[in-house]
Amino acid sequence: MTGTMRAPRSRGGLSGTLLVLLGLWGGLLPFAGPYFGFGFAPDDTWVYDTDRLQLVIAPAVAVALGGLIVLAAANRAFAMFGGWLAALGGAWFVVGTSVATLWDVQGIGAPLGSGEGQRLAEQLSGLTGLGVAAVFLAGLALGRFAVIGVREATKPDDSDSAGATTTQPLVYGRYARDNPPGPGPATAPPGDRRIAGKSRQNQ
């Protein structure tokens, strides 16, 4: 059982790295985006309030932390916990703005873009599209860690592996001591031949 819980760290390398980058992007965009005229109102940098804490910072931390766990974990259960954490953070990016209105959270602000295309890009890259991408990558990581490879399921056994790679000499005659000593393959003694499953010496 212990062997099947182990997983190579490389299995979540790509998904974990991308999840960390998505978490950083989602958490920093509302605060640093106004430097480039891309983000959400107000048009000031590093503006903090509780709405942004609930709708941006919390899910961004969940996605980035889940990505770090997926990236570094060598234990299958721990890695899957990281995948679920990142998936929940991504899902909150998608539905958080709508659900949080139930307890009077107004949102993180309107998109700063003056054109329809830029406003759509800000909405997708900062909330909805970001969340969908995070959920997809988290699901991909969960699927990879849910699969147990043949090498991981097989318990290593030194004696079995040694026996499997060692060439055993052929046995001729009735007893193994009839074989000549040495590591090479044994040869049949002169005049010895197999008849009906037995050895018989020709006189």
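Q: What makes up the secondary structure of the protein, in helices and strands?
A: This predicted model contains eight helices and two strands. Along the sequence they follow the pattern α-α-α-α-α-α-α-α-β-β.

Q: How do you know that the span of helix H6 agrees with its number of residues?
A: Helix H6 covers residues 128–146, which is 19 residues.

Q: What makes the buried residues of H6 line one face of the helix?
A: Viewed down the axis of H6, the buried residues fall within an arc of 140°, so they line one face. These residues are Leu-130, Gly-131, Ala-134, Leu-137, Ala-138, Ala-141, Leu-142 and Phe-145. In general, an α-helix has 3.6 residues a turn, so residues three or four places apart point the same way.

Q: What covers the buried residues of H6?
A: The cover includes helix H2 (13–32), helix H3 (50–72), helix H4 (76–99) and helix H5 (116–126).

Q: Why is Ile-69 called buried?
A: A residue is called buried when its relative accessible area is under 20%. The value for Ile-69 is 11%, so Ile-69 is buried. Ile-69 is found in helix H3.

Q: Which residues does Ile-69 touch, not counting those up to four places away in sequence?
A: Ile-69 touches Phe-78, Ala-79, Phe-81 and Gly-82.

Q: Which residues touch the most other members of the largest nonpolar core?
A: That core has 19 residues, and Leu-19, Leu-22, Leu-55, Val-63, Phe-93 and Ile-108 touch the most other members. H2, H3, H4 and H6 are the elements that give two or more residues to this core. A second, separate core has seven residues, including Ala-7, Ala-79, Ala-141 and Phe-145.

Q: Which residues are in contact with Ile-108, leaving aside its neighbours within four places in sequence?
A: Ile-108 is in contact with Phe-40, Ala-41, Asp-51, Arg-52, Leu-55, Val-56 and Leu-127.

Q: How many of the contacts with a separation of 6 or more join residues 24 or more positions apart?
A: Such residues account for 68% of these contacts in the protein.

Q: What share of the protein is buried?
A: Buried residues make up 33% of the 203 residues. The accessible surface comes to about 12,500 Å², and 65% of this surface belongs to carbon and sulfur atoms.

Note on methods
Residues are numbered from 1 along each chain as its sequence is written. This is a predicted model: local features need pLDDT of at least 70, side-chain atom pairs count only at pLDDT 80 or more; totals for chains, interfaces and linings use all residues. Side-chain values use heavy atoms; hydrogens and water are left out. Helices (H or I, at least four residues) and strands (E, at least two) are DSSP runs, numbered from the N terminus. The expected span of a helix is 1.5 Å times one less than its number of residues. Buried means under 20% relative accessible area, exposed over 50%, partly exposed in between (1.4 Å probe, protein chains only). The arc is that of the directions from the helix axis to the C-beta atoms. Contact means heavy atoms within 4.5 Å. A nonpolar core is a set of buried Ala, Val, Leu, Ile, Met, Phe, Trp, Tyr and Cys residues joined through side-chain atoms within 4.5 Å. Accessible areas come from the Shrake-Rupley method with a 1.4 Å probe; for residues, only the protein chains shown count as cover.
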